[in-house]
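Please look over the sequence and the structure shown here before reading the briefing.

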Amino acid sequence: MQTVRTRFAPSPTGFMHVGNLRTALYAYLVAKSQGGKFILRIEDTDQERLVEGAVDVIYETLRKVGLKHDEGPDAGGAFGPYVQSERLGIYKPYAEQLVKEGKAYYCFCTKERLEGLKEENAFGGYDRHCRDLPPEEVQRLLDAGTPYVIRQKVPLTGTTTFQDAVFGEISIENKEIEDQVLLKADGFPTYNFANVIDDHQMGITHVVRGCEYLTSTPKYNLLYEALGWEIPAYIHLPLIMGRNEDGSVSKLSKRHGSTSFAGLLEEGYLAPVITNFIALLGWAPKDNQEVFSLEELTDAFSVEGISKSPAVFDYDKLQWFNGEYIKKMGEEEFLQNAMPYYQEVFGEAEKPWGVLQSILQARIGRFQEIPGLLHFFKELPDYPVDFFVNKKSKTTLENSPQMLEAALEALRQLPGWELDTIHEALISLAQKLEVKNGTLLWPVRIAAAGTLVTPGGAMEILALLGREEALRRLEAGLLKLRA
């Protein structure tokens, strides 16, 4: 049985868009779900679009999401080099072979002539001017050093049909296919030409890419046929859409939110979450499971689950996924992720981190929410005295000073300042005062936090503030009530 071999072949032209990352993920899953190999190839033949540092972005992104390639520029392999600019000597002989066999031709049209054609023809198609030049004229121009490109001689009649694993049978009339350039005037291969040769030489059995390449696929197949090579299986992926303010959808862009892996990380989404979420943009598991590890995705994945329909990138759903992952974190992992945000509030001070985890873990969707939720720890807000009044807790401006005064007296006597001792002291005090717990704890929490909504109750807030600051705030609250 033939080993499945897929590849991710990005161009290093900037950040890693979520569409690129999904292509990488699906190529990985197609291979790994069938015990195959996943190959990384850098396609850098379009020298004008190269961005410095973009190759490192590719490596770093794949590392963070766990997509380990079996072969590639940094991993080696039997089919290297895995960077196209290091393979330049490979392409020209194939282009010249096709010319000799009458399947391609030298085109000497100038840039000015081609631009003129575009102005005359709204579709900008090449008119095949050089396709049937007499051999002696071709030789004369070559001898004179006239710049040229090599174009494929596409059949003028008939259709090219291929089978896609997702979209089914696709047919394009050959007359709609331009005589594409294979080799540019600078000797560099075009994207399509290099792509076909590299895929063949690297033994790629399944090509995974976005559905925007569906109409280009006949060009690839005509090249495979001209070279006498076996055509790989095709898996084209549906579009990724974003939801507009009016509820309509359009192709995902920056106006919908972050569209790059790095941007989503900066917004506080976790790498495994992004992987999980992107896996479901166009693929549905056989059961109702939504939260997957990469290993679970590999086990569950099948090409049959890929949909033709566009997938909508739902940022609210991503937030939910992130929250679900956070809820499942152990204490050490949670603290590691939360610490940079804790330090925005507490600086380098040591706090009972377990208490913070207990009040935050089930509440947050992203770690970046932490400073906003804990802002009152950094500085007590200027709050109105009306905050002490709460109908449900039966607190008034008359009984709140009594509750705070009693709480201060009980808390000052504590030998230590741990959550358990604070909790025991205040619950015992409420019983002693013969009031509901809320009647005592509401004014304590308001004085300690200065805000109506807090992540955690009065005891947790007091424990996190520390003895000195907690007592200071309660005393200030008492003064406010008595003013």
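Predicted model: local features only at pLDDT ≥ 70, side-chain atom pairs only at ≥ 80, totals over all residues.

Residues are numbered from 1 along each chain as its sequence is written, and side-chain values use heavy atoms, with hydrogens and water left out. Helices (DSSP runs of H or I, at least four residues) are numbered from the N terminus.

- Two packed helices are described by the angle between their axes and the distance between the axes.
- Helix α18, residues 437-449, packs against helix α19, residues 458-465, at an angle of about 35°, and their axes are 9 Å apart; here axes are lines fitted to C-alpha atoms over the stretch in contact, and angles run from 0 to 180 degrees between N-to-C directions.
- On the α18 side the contact (heavy atoms within 4.5 Å) is made by Leu441, Val444, Arg445, Ala448 and Ala449, and on the α19 side by Ala458, Met459, Ile461, Leu462 and Leu465.
- By class, this contact of α18 with α19 has 9 nonpolar residues, no polar ones and 1 charged, where Ala, Val, Leu, Ile, Met, Phe, Trp, Tyr, Cys and Pro count as nonpolar, Asp, Glu, Lys and Arg as charged, and the others, Gly among them, as polar.
- Helix α19 also meets α17, and the axes of these two helices come within 9 Å and cross at roughly 135°.
- The helices α17 and α19 are therefore oblique to each other, given that angles under 35 degrees count as roughly parallel, over 145 as roughly antiparallel, 65 to 115 as roughly perpendicular and the rest as oblique.
- The crossing of α17 with α19 is right-handed, and it brings Leu419, Ile422, His423, Leu426 and Ile427 of α17 into contact with Met459, Glu460, Leu462 and Ala463 of α19.
- The residues of this contact of α17 with α19 comprise 7 nonpolar, 1 polar and 1 charged.

**Helices α9 and α11**

- Helix α9 (residues 271-279) and helix α11 (residues 315-327) have axes that come within 9 Å and cross at roughly 130°, which means that α9 is oblique to α11.
- The crossing of α9 with α11 is right-handed, and in it Pro272, Val273, Asn276 and Phe277 of α9 meet Lys317, Leu318, Phe321, Asn322 and Tyr325 of α11.
- Sorted by class, the residues of the contact between α9 and α11 are 6 nonpolar, 2 polar and 1 charged.

**Two buried helix residues**

- Leu426 belongs to helix α17, residues 419-433, and counts as buried at 0% relative accessibility, where buried means under 20% relative accessible area, exposed over 50% and partly exposed in between (1.4 Å probe, protein chains only).
- Apart from residues up to four places away in sequence, Leu426 touches Ala407, Leu411, Leu440, Leu441, Met459 and Leu462.
- Leu426 and Leu411 are 15 residues apart along the chain, and their C-alpha atoms are separated by 8.0 Å.
- Thr298, which lies in helix α10 (residues 294-300), is likewise buried, at 13% relative accessibility.

**Cysteines**

- With a disulfide taken as a pair of cysteine sulfur atoms within 2.5 Å, the count comes to 0 disulfides.
- The closest cysteine sulfur to that of Cys109 is in Cys130, at 3.6 Å, which is too far for a bond.
- Cys109 is buried, with a relative accessible area of 16%, and Cys130 is buried as well, with 4%.

**Backbone geometry**

- Most residues other than glycine have a negative phi, and most peptide bonds are trans.
- Gly80 and Pro81 are joined by a cis peptide bond, with omega about 0°, and Pro81 is placed in the loop between α2 (54-65) and α3 (88-100).
- Arg128, in the loop between α4 (111-120) and α5 (135-143), has a positive phi near 60°.
- Glu434 has a positive phi near 60°; Glu434 lies in the loop between α17 and α18 and counts as exposed, at 73% relative accessibility.

Note on methods:
Left-handed = near helix turned anticlockwise from the far one by under 90°.
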